[in-house]
Amino acid sequence: YILGDNRELPIEYRLFLSATFVGIVVSLFGTIVSLVLSSDFTVVIVAFSLAILLSIIFYFVRVKKLYKPFVGPIITFAFIGIAVVWITDGGINGSNLLVGFVVLVLALIVVPDRNKYFVISFFITCIISIYLIQLYRPDLITDFSSERARWIDSIITALYSSIFIFFIIQFLHRSYNAERKRARENELKFKALSENSQDYITRYDRQHRFSYVNKAGLELLGLKYEQILGKTHRETGIFKESLCELFERTIDKVYMSKQPQNEQYSLERQGNISHYDWRLFPELNINNEVGSVLGVSRDITNLKQSELELQELNIDKDRFISILGHDLKSPLTSVLGLSELLSKNLQEYEKSELQPILEEIRKSTRITYDLLEDILTWTKAQSGKIPFEAQKLLFSDVCESVREVLGPFAGKKEINISIQAPDNQTLIADIEMLRTILRNLLSNAIKFSHQGSEVIIKAEEEPEN
């Protein structure tokens with residue numbers, strides 16, 4: 001609770017908390033020792049003020065999660081405090097420089113790499129300054145009240161400095177082992193997931209080289225691990241130049257933007273073309289820089305095929321509706337015209353004259369009905385819900401019913417429809433499916449035949465079919 005959970009806070013954060021907490025304890029202890037030894041009152045004030053200041057900072061760091069704003073001021077205050085205590089607590093005869101080196105080690109651990117040279121320079125400047133003060137103004141140095149006080153101060157300083165250094169080393173050692181264990185566990189989890197994944201998973205460095213390929217990737221590429229590790233896509237010799245350029249360009253985007261990227265590509269292996277969705281993710285290090293790029297390729301060949309089939313289905317649907325609309329127009333126009341004729345002149349027709357008109361309306365209505373049945377059948381077929389009810393049929397009877405429906409279309413082009421099939425020819429089929437097939441075939445035959453020609457429906461039995 002005091003120092004933070006290693007799963008919640010990074011090691012630098014927890015180390016700073018630890019140093020702050022120990023600093024509070026040491027400052028309070030130093031205050032008590034200074035009072036016991038009757039040291040200069042300035043030493044007591046500095047030690048006690050440091051304890052109060054560190055307690056406030058500890059609250060903000062641990063409770064409010066504010067860490068970075070306090071690192072620089074704490075190190076600066078510590079170095080200046082050491083210089084003040086040097087002057088007020090024995091100078092070169094004291095042991096305060098030992099504490100200075102402890103603070104220096106701690107500072108170098110918690111500050112970012114770019115600030116380490118500044119910390120070293122500032123520490124050296126402070127040390128040179130207090131030595132020059134001791135050399136040129138020895139009168140400013142407050143000496144110990146007795147040799148006994150100096151020895152007690154030296155022993156106490158050596159003890160808590162040694163304990164502090166031991167604590168830091170132990171903390172670093174435990175944290176290092178914990179971080180290494182956690183990293184190892186994460187790596188094992190990652191490998192367990194990736195090696196059992198059907199996706200093609202890779203990791204790339206800044207030179208576009210493979211640093212990891214999972215089992216699925218090796219099987220896809222037909223390579224062994226040692227044949228691909230440390231190589232670029234080009235060096236493997238199995239990718240086209242255009243693909244290599246795409247891969248390198250996309251990997252570079254991740255390194256520069258620190259953002260995931262997504263591409264799609266096709267790969268030909270053993271005569272088969274497979275399509276992949278390729279997603280790249282940045283793997284950030286502790287400095288928030290992209291240390292490596294993780295790639296996940298998922299086979300979307302079936303999805304692509306489904307998309308193509310859906311496009312073809314939409315084309316077929318549009319074509320079917322267009323043809324059907326054209327085919328429906330003629331019988332409906334006929335029904336509309338004849339019904340209007342009857343509506344206006346019903347009283348003028350004899351019964352014998354009405355019969356052919358009503359028969360024509362019946363035929364046109366039947367044609368329209370059958371065409372609408374085609375729509376329903378096609379819709380059911382596309383949804384996979386069309387029922388199949390097989391029965392024994394006379395082929396000539398089915399053909400005759402279809403010829404009756406499409407006879408008016410053929411008559412307009414003076415096309416003769418003949419059925420060349422034995423009267424007793426039977427077959428096992430679904431009657432609605434068979435009628436739909438024959439209507440489509442016969443309709444196309446009439447549509448694409450010349451004026452005055454003949455369309456023949458012929459059937460014969462073959463023993464092997």
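# Close-up views of helix pairs and the open sheet

**The axes of helix α3 (residues 68-88) and helix α5 (residues 116-136) come within 10 Å and cross at roughly 15°.** Axes are lines fitted to C-alpha atoms, for helices over the stretch in contact, with angles from 0 to 180 degrees between N-to-C directions. The two helices, α3 and α5, are therefore roughly parallel to each other (under 35 degrees; over 145 is roughly antiparallel, 65 to 115 roughly perpendicular, the rest oblique). The model is predicted: local features need pLDDT of at least 70, side-chain atom pairs count only at pLDDT 80 or more, and totals for chains, interfaces and linings use all residues. Residues are numbered from 1 along each chain as its sequence is written, and side-chain values use heavy atoms, leaving out hydrogens and water.

**Residues at the α3 and α5 contact.** From α3 come Thr76, Phe79, Ile80, Ala83, Trp86 and Ile87. They meet Val119, Phe122, Phe123, Cys126, Ile130, Tyr131, Ile133 and Gln134 of α5. Contact means heavy atoms within 4.5 Å. By class, this contact has twelve nonpolar, two polar and no charged residues. Nonpolar covers Ala, Val, Leu, Ile, Met, Phe, Trp, Tyr, Cys and Pro; charged covers Asp, Glu, Lys and Arg; the others, Gly among them, are polar.

**Helix α13 (residues 395-412) crosses helix α14 (residues 431-447) at roughly 40°.** Their axes come within 10 Å. The pair α13 and α14 is therefore oblique. On the α13 side, the contact is made by Phe395, Val398, Cys399, Ser401, Val402, Arg403, Val405, Leu406, Phe409 and Ala410. On the α14 side, Leu434, Arg435, Leu438, Arg439, Leu442, Ser443 and Ile446 take part. By class, the contact of α13 with α14 has twelve nonpolar, two polar and three charged residues.

**Five strands form an open sheet in the order β2-β1-β5-β4-β3.** Pairing is antiparallel. Strands pair if DSSP finds at least two bridges between them. The edge strands are β2 (210-213) and β3 (261-269), each of which pairs on one side only. Neighbouring strands are turned against each other by 25° on average, direction ignored.

**Strands β1 and β2 form a hairpin.** Five residues lie between them. In the turn, His208 has a positive phi of about 65°. Three bridges join β1 (residues 200-204) to β2, and the two run antiparallel. Arg203 has Tyr212 in β2 as its bridge partner. Helix α6 (residues 147-195) packs on the sheet and touches β1, β2 and β5 (290-299). The direction of α6 makes about 65° with that of β2.

**Strands β3 and β4 pair in the antiparallel sense over nine bridges.** The bridge partner of Asn262 is Arg279 in β4. The hairpin of β3 and β4 has two residues between the strands. Gln270 takes a positive phi near 55° in this hairpin.

**Strand β4 is joined to β5 by nine bridges.** These strands run antiparallel. Here Trp278 stands opposite Ser297 of β5.

**The views in the context of the protein chain.** The secondary structure of the chain comes to 14 helices and nine strands. Helices (H or I, at least four residues) and strands (E, at least two) are DSSP runs, numbered from the N terminus. Along its principal axes, the C-alpha trace of the protein chain spans about 145 × 60 × 35 Å.
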